[in-house]
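Notebook open, model loaded. I'm jotting down what I look up as I go.

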Amino acid sequence: MAKNDWIRETLNLPRTDFPMKARLPQREPEILKHWEEIGLYRKILARRRNAPSFVLHDGPPYANGHIHLGTAMNKILKDFIIKSKSMLGFKAPYLPGWDCHGLPIEIKVDQLLGEKKKNLSQIEIREECRKYAEKYVEIQRREFMRLGVFGEWKEPYLTMNPTYEGDIIRSLAAFFAQGSVYKGKKPVYWCIHCRTALAEAEIEYHDHASPSVYVKFPLISDISAKYPQLKGKKIFILIWTTTPWTLPANLAIAFHPDYEYVAFQADSNPEIYIAAKRLVPVLSEELGWSQVNYLVTFLGQEMEGLKARHPFIERESLLVLADYVTLDQGTGCVHTAPGHGHEDYLTGLKYNLEIYTPVDSDGCFTPQVERYAGMNVFEANQVITEDMKKDGVLLKDETIVHSYPHCWRCKNPVIFRATAQWFISLDAQNLRQKTLEEIKKVNWIPEWGEERIAKMIAARPDWCISRQRTWGVPIPAFYCRKCGTILANEQIALHVAEQFSREGANVWFLKKPEELAPPGLKCPECGERSLEKENNILDVWFESGASHYVLGKREDLPWPADIYIEGHDQYRGWFNSSLLVGVAAKGASPYRTVITHGFVLDEQGRAMSKSLGNYIEPTEIINQHGAEILRLWAAMLNYKEDARFGPETLERLIEAYRKIRNTWRFMLGNLYDYQPDAAEERIPWAEMDSLDKWILERLAQVGEKSRQAYENYEYHVIFHSLFNFFTIDLSAFYLDVSKDRLYCSAPKDRQRKSGQTALFHLLRDTLLLMAPLLPFTTEEAWQAMPAYRGKSESIHLELFPEFKSYRLPAEEVADWEKLLATREQVLKALERAREEKFIGNSLEAKVSLKVLSPDAAFYKRYEDKLAELFITSGVEILVEEEEGGGKQEREREGEFVAVEVLKAEGSKCQRCWNIKPSVGQANDYPDFCERCVEVVRRLKRD
């Protein structure tokens, strides 16, 4: 045997089966299989059966396509919450769900069916949609499970399940009971591509190029009696619009009653124009007028009831008053089409105007519109503009780019179109005010969420809940075949809900109206019993908003939920609809706390898209590097802000994971012969080495901070606190200075056992603290840990550790702060000595510390630890008498001692590499120092 091999066998070098190379893509599926085999999730719930409940209600992702990085981040954050709440001592089940109805699936199925769809019934189309949703529920289920997310994956809630469909209608019945559901013709967002109405939550705003036109409407009412200056003049009211296609539906022009308006001439043009006085200078610049002559000034209220003529249709346009008229842009005279705008609609009601909408569901003008019948409204913009130019009624046109509403599904621009739709009144039974009061009771994270959703609820118009599609839950309403009266109320809805719960919503399309309606239902107006069914389906936001109905049916899933967590777009979506349904149906908010996270961007801050080439699939990361890398990313970012991801981020994550793993590996390697339950092995706190006590004090500080951060859902605080502890306190200091004691002491030496006891606590407690964040790696390391009484078969069955027994008195903490500051001084001095080639490594040095007399006792007390702390072969302490305020001056400067680096005296020990005078004094082991000779002799005897 070679000499070096023999020496190595005398050392306590690390040994562990926990590999340096993680091989996460291969190892993680093995761990998942093990968890499934032992029924881990159910065991966790059984372990917490008597604990208080904590409910995170899952916002259902849409069952359409593979998960993306944003979906992955959302599910990982939810898993952080569930796992950490369990380890904090709560019973925290996780019931995942999926949103399965709606237009995206139906459109995709339409594309897949192609011409075949024409020959299919509604039921057959719905079944194709169901199959499509089932396919992606299964795909996403596997992808979420692969992320290490624990939950009830075999029995999730699905919005297309019969029980859920029944609950949707039960929640709608609560609105019927309050008299807040009505059907009316009013303008709603309408997607001409999807051919359906949309709610506010289904609208996105993107830049859009629109025409900007200034049009003159001839005034036909004679106002010369009131304003003689205008007698015999051609008078025109100026309007501005970015939707020329709505001009065929114009029925009025709105003025603000309290603004000043002016009749004026521009340059030498004999025509008289009317506009808001404050906007005339802006109009002059826009329209190129060099001189303006004011003739008459009057308030807008003077215009009420007068009439103008439509610029290109034989129709009158009534002059009306409206408070919503602003002077931000335009002319102050607002083109009003009651069928194509919410405020226009309200004005139409006030002045008894027709809610005129000459546009069909495809976005084309109806036959009643001369010149433009059958033309798509967006294509008509240019044609109408050109015709107005020819007719001489257009003063200016240009193209502007502005924020414009788009459909959230197909991403195309939408229009406002008045159609007969079902609505929920937000003001019936004070629903809006009650909801605003409930918002105040919720804990919003971040805090600005409260103001954001409150503003949305306060300004939200009545909720349009009907959709003109096939794949969804039908609205439970009937019509009298004889007189057309609508039959819809709480009793009808509840009767239909029972059928949906038993047979599914398909029953609506399979049964006759008389079979679906409550027995004996007849028209309250004419007594007719022959009925027709409503063809519209419910808004999918209503469906998902009713998802909290899955709560309150099990003891461990009470209503309301403790927490909802989704992206910040859900203030207008799921948070919003859930709140309204909760307040209306159950009288309170369905959630106690709401957390929002940001979106995922690339490293340049751009949204990810395949067209930009910056899109990254989660499966790509998982297959190459493992799910732990994605989980580490979710843990290290402040999720309240938008999250960035890209190649550089990935490299940092891989390196951070490697450091964490190797730190645990070092600790495991040095516990290979440690028996935690053996009295002679587990050193009591009072008898532990002072350095070991200090590192456990640091662990306690970090541990308590982490526990608090878990309670506050601050996962980046946990990651950065623990990562800094690993890299700074452990790897760069404690583990490094402990190597000599761990490797070179006798196996049973109490100093070594003290170090091993500290390592055991460090390993166990950091694994527990990191288990919610890195479930695979902590489980792998847990299995490699020494066995001890009470150790669970999985780390995820454990609770977070308590740290009360690790605390040092404040004065000892202060001592160690001073020792570490001294160490920093010494390390700088050693580095200078290395740079000057005076020494090679630090073990070639002996450090001389010159301390002032008031500090002498302090440094003498820790003298036996200093060489270990500095990783030098020796330390000497020289005492200097203090002069004046020397001690205070040194401490102010952060220089507690004067350091001199000397050459270590003696020869190098071939076993521990320390340079000691005792090397060569033992005849049997001449290459060893005194300490190593004693250890090797004892090993030989044993």
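This is a predicted model: local features need pLDDT of at least 70, side-chain atom pairs count only at pLDDT 80 or more; totals for chains, interfaces and linings use all residues.

**Entry: Asn 506**

Is Asn 506 buried or exposed? I get a relative accessible area of 12%, which is under 20%, so Asn 506 counts as buried. I find Asn 506 in the loop between α13 (490-503) and α14 (507-510). What does Asn 506 touch, leaving aside neighbours within four places in sequence? I list Ile 123, Arg 126 and Glu 127. With Glu 127 there is also a side-chain to side-chain polar contact, at 2.8 Å.

Next I traced an open sheet of 3 strands, in the order β20-β19-β21 and with antiparallel pairing. Its edge strands are β20 (486-487) and β21 (531-533), each pairing on one side only. Strand β19 (residues 478-480) runs antiparallel to β20, and I count 2 bridges joining them. Across from Phe 478 I see Leu 487 of β20.

**Entry: helix α17**

How many of the 13 residues of α17 are buried? I get 11, so I note the helix as mostly covered.

**Entry: the nonpolar cores**

Which members of the largest nonpolar core touch the most other members? Out of 167 residues, I write down Leu 147, Trp 633, Phe 645, Tyr 715, Tyr 734 and Leu 762. Helix α22 (residues 715-744) gives this core its largest share, 15 residues. There is a second, separate core of 67 residues, and Ile 439, Ala 493, Trp 508 and Phe 509 are among its members.

I then clicked on Leu 762. Leaving aside neighbours within four places in sequence, Leu 762 is in contact with Met 667, Ile 695, Leu 696, Leu 699, Phe 725, Leu 730 and Tyr 734.

**Entry: cis peptides**

I noted a cis peptide bond from Ile 445 to Pro 446, omega near 0 degrees. Pro 446 sits in the loop between β16 (443-445) and α12 (448-459). Another cis bond joins Trp 559 and Pro 560, with omega about 0 degrees. Pro 560 is in the loop between α16 (540-545) and β23 (561-567).

**Entry: positive phi without glycine**

Tyr 713 has a positive phi, near 60 degrees, though it isn't a glycine. I place Tyr 713 in the loop between α21 (690-711) and α22. Its relative accessible area is 8%, so I mark Tyr 713 as buried.

Ile 871 is another non-glycine with positive phi, about 55 degrees. I find Ile 871 in the loop between α27 (863-870) and β28 (874-880). At a relative accessible area of 24%, Ile 871 goes down as partly exposed.

Note on methods
Residues are numbered from 1 along each chain as its sequence is written. Side-chain values use heavy atoms; hydrogens and water are left out. Two strands pair if DSSP finds at least two bridges between them. Helices (H or I, at least four residues) and strands (E, at least two) are DSSP runs, numbered from the N terminus. Buried means under 20% relative accessible area, exposed over 50%, partly exposed in between (1.4 Å probe, protein chains only). A polar contact is a pair of N or O atoms within 3.5 Å; within protein, one must be able to donate a hydrogen and the other to accept it, and residues adjacent in sequence count only if both atoms are side-chain atoms. Contact means heavy atoms within 4.5 Å. A nonpolar core is a set of buried Ala, Val, Leu, Ile, Met, Phe, Trp, Tyr and Cys residues joined through side-chain atoms within 4.5 Å.
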